[in-house]
Amino acid sequence: MASSSFRQFLWKISYRLMHIQYQRTCLLVLIFMAITLSFILHSQISQNFLEDEYFVDAVKCPACYGTSSCQRFRRNEFQLHSYSKFRAFDLVNVKNVHFGAHLESRPVVLKKLASNKELREFDDGVCNQAKQPSGCDVSVAIFKSDFAEIIYSHMLQHSHVRDLSDLVKCPSQRLLDRIYEMYKERQSDGFLSRHNKIQLITTLAINPEPIILQIFPQRQGWPFPEYVGACGRFVIEEKIETPLYQFLEASWPTRLSLSLQILKIANKFTDNKLGYALYPTDITFENLAVSEEEEVIFIDAENILVVDKEQLSKDGVEGWDKKVEAIAYDCEDNEYCLSFSPHDLCNHYFSDHNYYAFVHGLFGFQNSNYPNGLLHSIPHDIPERLALLQLLKECLHPSKPEGRFEAFPKLLALVEKLNTYYQEGRN
């Protein structure tokens, strides 16, 4: 009996010792993991990945967007901010959009302009054209691809850009000259080297947004972010702080003011002194933002088809001055959808595409929580309330042929009138 009690005593002691040892081991493992994680986090926070030419894909140049900011990257003038500092974020950052600052003061957006899958597909295409296996060195292979044709020319030609993107879907030589002359990724003496030309074609092929920002610059009154520069497969743009959708619950005067700006953008894109029509083919609340000065800015300019209206007028091809109308399709499940014909846009001087696309995307009925989009909940004490609703409806679904051409100017004038009334009331 005593022997059995003694064995039980020993077993309890052994169990307690083992339990204590297990707890100590777990504690040591947790401490080790905490130290390791702290080290990893510290190293990622303190390291500036923009200095790494492999991270920014500068090693792939000239199959890249440019090199104008590479020295500034190496001088630590740009830093990644917030979750963009951590490489684990890259696993969910499908669009490859990063946030940072220039000299710790000016907010910027750093974009790779495509998903990793899309970039791999581009590289594989270059390797295939150069008759090399997938995964080849594209910085070398691109000189053996179709893209290399431009290096033997002193101007951008139609054959260089055929089917590359919406920007050059139907380019005039005047538009191509504007692209070539206003392209910023060039040598310090202003000369466009062989590498610069390859970078230009690469950008047009992957995502022409940087080119749009350069040929229709903010300083000339265009509603795009300022283009800052490029290094490898990163472009740097001015950061516009607040997405437009965050204003859906703003006050009526604020939404009215923003709506007026949007309608003016639609009008400018359609008719301007340069003689180019800009037709966005993807207009959603996510693609526009509002600056600190409450100015509406296009922050995603990838899908914009540019038509030279001046050239259409000069050529005078049969039917060029016939008005073409956008086809309105009802979307299922309140989803945004937009149908358009590139051929019609490219070959006609007059189109109501922007009148429909902007109203459909930002003042339509796609969001059941905000019928009429940004102009939802129109105050009932506004005498022109019914007229405003009717004009919105007419821009979406015209009651007669060429109805939008008549309704949109009236809508713009009415919103401007209402905005003036409310702004004077504020003051």
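Me: What is the handedness of the disulfide of Cys70 and Cys231?
Reply: In this predicted model, a disulfide joins Cys70 to Cys231 with an S to S distance of 2.2 Å (a disulfide is a pair of cysteine sulfur atoms within 2.5 Å). The torsion about the S-S bond of this pair is about 100°, so the disulfide is right-handed.

Me: How many residues apart are Cys70 and Cys231?
Reply: The disulfide of Cys70 and Cys231 has an S to S distance of 2.2 Å. Cys70 lies in helix α2 (residues 70-74) and Cys231 in strand β4 (residues 227-231); helices (H or I, at least four residues) and strands (E, at least two) are DSSP runs, numbered from the N terminus. The pair links distant parts of the chain, and the two cysteines are apart by 161 residues.

Me: Are Cys70 and Cys231 buried or exposed?
Reply: Buried means under 20% relative accessible area, exposed over 50%, and partly exposed in between, with a 1.4 Å probe and protein chains only. Both Cys70 and Cys231 are buried.

Me: Which relative accessible area does Cys136 have?
Reply: A disulfide joins Cys127 to Cys136 with an S to S distance of 2.0 Å, and with -95° about the S-S bond this link is left-handed. Cys127 is buried, at 0%. Cys136 is also buried, with a relative accessible area of 14%.

Me: What is the angle about the S-S bond of Cys61 and Cys64?
Reply: Cys61 and Cys64 are joined by a disulfide with an S to S distance of 2.1 Å. Cys61 is buried at 16% relative accessible area, and Cys64 is buried at 0%. Their link is right-handed, with an angle about the S-S bond of 110°.

Me: How are α9 and α12 directed relative to each other?
Reply: The axes of helix α9 (residues 252-270) and helix α12 (residues 353-362) come within 9 Å and cross at roughly 155°. Such axes are lines fitted to C-alpha atoms, for helices over the stretch in contact, and angles run from 0 to 180 degrees between N-to-C directions. Angles under 35 degrees count as roughly parallel, over 145 as roughly antiparallel, 65 to 115 as roughly perpendicular and the rest as oblique. The two helices are therefore roughly antiparallel.

Me: How are residues numbered?
Reply: Side-chain values use heavy atoms, with hydrogens and water left out; local features need pLDDT of at least 70, side-chain atom pairs count only at pLDDT 80 or more, and totals for chains, interfaces and linings use all residues. Residues are numbered along each chain as its sequence is written, from 1.
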